[in-house]
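Below is a short note on the secondary-structure packing in this entry. The points can be read alongside the coordinates.

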Amino acid sequence: MTDDIITIYLNPIAYQNIIQDQELFKTGSNKSELIRKIIINHYSKYNFNINELKQKIKDAVKSENINHQFNDDEYLNIAWKVTKYLCEKTLVIEKDKNEHKKKISIRKKKDDSELDFIIDSCPKNASESEYLANIIYSYLKEPQYEREKIICKDIIESLNEAIQNKQSIRIITKSDNNRIQSINPKEICTSQEGLYNYLLYQVYNNEKREYLARTIHIYNISSVHLDTNLLTFQPHIEEQFKKTKRNGVQFSINEDTIYKVKLTEQGKNLLKLRYLERPSPLLNSEKDEGIYCFDCSKMQFKSYFAPFRKNVIILEPREIIEEILQEYRDAINNYKGGV
């Protein structure tokens, strides 16, 4: 390690997982900056878990009436070794030498008090490199939606501040050429499948001249700026938010359509098995008869039931029946044409 460069050696499996998160959460190509952000943003939870384990070890030692008196540093070292072992075991990390691991260097900025504080907490029997690597391994043990929260911590804190203070905001999104939007944030929600986090918000559509309910991936927000305007939500938007949360926060709903289908026995089984992006059946569904009603968005309805094929019959509304029939006709014509 030089004065301003810290080198961390990661097991290839862990390194590959970091690359996958880089792609999942669209963090850009700078791995070093991503690693630095993970270490700083995840440290508080990692440290809490270490200290909680240290206290449990203390209690266990006292209960066993062990004669040897451990000091606080020794308890910390024991907790560090246990945590390191568990992290490595979870990630199926082999005991490779450094030359078999992937090297990542992060630059410690001047007056980098956050990183300095973390490095100062390094246990006496651990090198800085393996200690920081262990924080990264601990991060990788978290479920996907929690990892997104760690990486997007600053964005989430700004959004929660606006929501708590009932303020409108301007956001810059990574898609649409960094477009700026003025929106009213409602709530941060996690998808039912526990994969991603989304912001529910209200936005005024100039073309339609009306307010719409929308959702956006948290990772797709690059910056948040508070406005002075106070939040107000249209009553019909509040109802759309409720439907969105019930059916899956990855799909915006700005309609009041009820979709009615009849499922075969195989279709009922598929409904139980295919949990990803599954809409929630309404209470007036007649499940014994295979009749199900949904108030999800058209995009979710078509996307979810497309693989059911002959095991689903759409009963209502007529417009969606005609639309899907036309799509089948177009597909048949493509095959007839040799495409």
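1. Two strands count as paired when DSSP finds at least two bridges between them. The model is a predicted one, and the pairing described here is read from it. Strand β8, residues 259-263, is joined to β9 by four bridges, and the two run antiparallel. Within this pair, Val-261 faces Tyr-292 of β9.

2. The β8/β9 pair belongs to an open sheet of three strands, ordered β9-β8-β10 and paired antiparallel. Its edges are β9 (291-294) and β10 (312-316), each of which pairs on one side only. From one strand to the next the twist averages 30°.

3. Two helices pack on this sheet. Helix α9 (residues 265-273) lies across β8 and β9, at about 120° to β8. Helix α11 (residues 318-336) touches β8 and β10, and its direction makes about 140° with that of β10.

4. Which residues of α9 are buried? They are Gly-267, Lys-268, Leu-270 and Leu-271. Because the arc they cover around the axis is only 160°, these residues are on the same side of α9. They pack against β8, β9 and α10 (298-305). On the face turned away from the buried side, α9 carries the exposed residues Glu-265, Lys-272 and Leu-273.

5. A second open sheet has five strands in the order β6-β5-β4-β3-β7, again with antiparallel pairing. The edge positions are taken by β6 (210-217) and β7 (221-230); each has a single partner strand, so one side of each lacks a neighbour in the sheet. Direction ignored, neighbouring strands here are turned by 40° against each other on average.

6. Helix α4 (residues 113-120) has Leu-115, Ile-118 and Ile-119 as its buried residues. Their arc around the axis is only 100°, which means that they sit on the same side of α4. An α-helix has 3.6 residues a turn, so residues three or four places apart point the same way. The buried residues of α4 pack against β1 (5-10), α2 (31-63), β2 (102-107) and α5 (128-140). The face turned away from that buried side holds exposed Ser-113, Phe-117 and Asp-120.

7. How do α1 and α5 pack, and at what angle? Helix α1 (residues 12-24) meets α5 at an angle of about 60°, and the axes are 11 Å apart. The two helices are therefore oblique to each other, and α1 passes α5 in a left-handed crossing. On the α1 side the contact involves Ala-14, Asn-17, Ile-18 and Asp-21; on the α5 side it involves Ile-136, Tyr-137, Tyr-139 and Leu-140.

Note on methods:
Residues numbered from 1 in each chain as written. Predicted model: local features only at pLDDT ≥ 70, side-chain atom pairs only at ≥ 80, totals over all residues. Heavy atoms only, no water. Axes fitted to C-alpha atoms, helices over the stretch in contact; angles between N-to-C directions. Contact = heavy atoms within 4.5 Å. Buried < 20%, exposed > 50% of the residue type's maximum accessible area, 1.4 Å probe, protein only. Arc of directions from axis to C-beta. Parallel < 35°, antiparallel > 145°, perpendicular 65-115°, else oblique. Left-handed = near helix turned anticlockwise from the far one by under 90°.
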